[in-house]
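Let's take a walk through a protein model together.

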Amino acid sequence: MNIVGTPLGRLSDGINRAGDNILPLLARFVFAAVLFRYFWNSGTTKLGEGIFGIFNPSSGGYVQIFPKAMEAAGYDITQLGTYHWAVVTAGTIAEFALPLLIVIGLFTRLAALGMIGFVFVQSLTDLFGHGGIGQEGTLGAWFDGASDAVILDQRAFWVLGLLVLVFKGAGLLSIDRLLFRQSPEYQDLR
């Protein structure tokens, strides 16, 4: 049965076109309402003293990102190398920049892709660095009837919302829409 040109087909086309704009806007709204402050607050715990504290992370930042290395170093940051500093600094910057870019809708696809990578690394750190793999209910299991596991259940929804932004762009009311609406070669960036 071919529904193209029928009332049902036209309704379906209209819903699809509306969804291309509304779903990304809703994904950004839900991200702002549920996850923005979570990541922002987490980023603030990694800041060192002073105006350039982002480049001089706190010991808490190292403990969060490299728990086993910090334990092995006796919780002395000076025992860790440049690699550790670079990862903690980059992670802290990402924890502020990526959520902000998503909320305002600037370079949204790239920011959402970066957040997916961030969530993946965060999840691995929680499981293997902080011992979550051995804690009951932390990892969880799909198709088990429970929806409250921190890693597999909760973060799957985080990634799903971010994937909407990767595939659909920022949607309405975004800086991407304002910047790139006139440039055909950049239409995929919105």
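**Charged pairs and a bent helix**

Let's begin at one residue: Lys 168 is partly exposed, with a relative accessible area of 37% (buried means under 20% relative accessible area, exposed over 50%, and partly exposed in between, using a 1.4 Å probe and protein chains only). Before we go on, keep in mind that this is a predicted model, where local features need pLDDT of at least 70 and side-chain atom pairs count only at pLDDT 80 or more, while totals for chains, interfaces and linings use all residues. Residues are numbered from 1 along each chain as its sequence is written, and side-chain values use heavy atoms, with hydrogens and water left out.

So who is the partner of Lys 168? Lys 168 forms a salt bridge with Asp 20, and their closest N and O atoms are 2.6 Å apart. A salt bridge here is a side-chain nitrogen of Lys or Arg within 4 Å of a carboxyl oxygen of Asp or Glu. Asp 20 sits in helix H1 (residues 7-44) and Lys 168 in helix H6 (residues 150-168), so this pair ties together parts that are 148 residues apart in sequence. Helices are DSSP runs (H or I, at least four residues), numbered from the N terminus. Asp 20 is partly exposed too, at 34% relative accessibility.

The structure holds 3 salt bridges. Another one joins Arg 155 to Asp 126, with the closest N and O atoms 2.8 Å apart. Arg 155 belongs to helix H6 and Asp 126 to helix H5 (residues 108-129), so the pair links parts that are 29 residues apart in sequence. Arg 155 counts as buried at 5% relative accessibility, whereas Asp 126 is partly exposed at 23%.

Next comes the pair of Glu 95 and Lys 46, whose closest N and O atoms are 2.9 Å apart. Glu 95 lies in helix H4 (residues 82-104) and Lys 46 in the loop between H1 and helix H2 (59-65), so they tie together parts that are 49 residues apart in sequence. Are these two buried or exposed? Both Glu 95 and Lys 46 are buried.

Now stay with H4 for a moment. There's a kink of about 30° in H4, centred on Ala 94; the bend at a residue is the angle between axes fitted to the seven residues ending there and the seven starting there. Ala 94 is one of the buried residues of H4, which also include His 84, Phe 96 and Pro 99. The buried residues of H4 pack against H1, H2, helix H3 (67-72), H5 and H6, where contact means heavy atoms within 4.5 Å. Just after H4, Gly 105 takes a positive phi of about 75°.

Technical notes. Helices (H or I, at least four residues) and strands (E, at least two) are DSSP runs, numbered from the N terminus.
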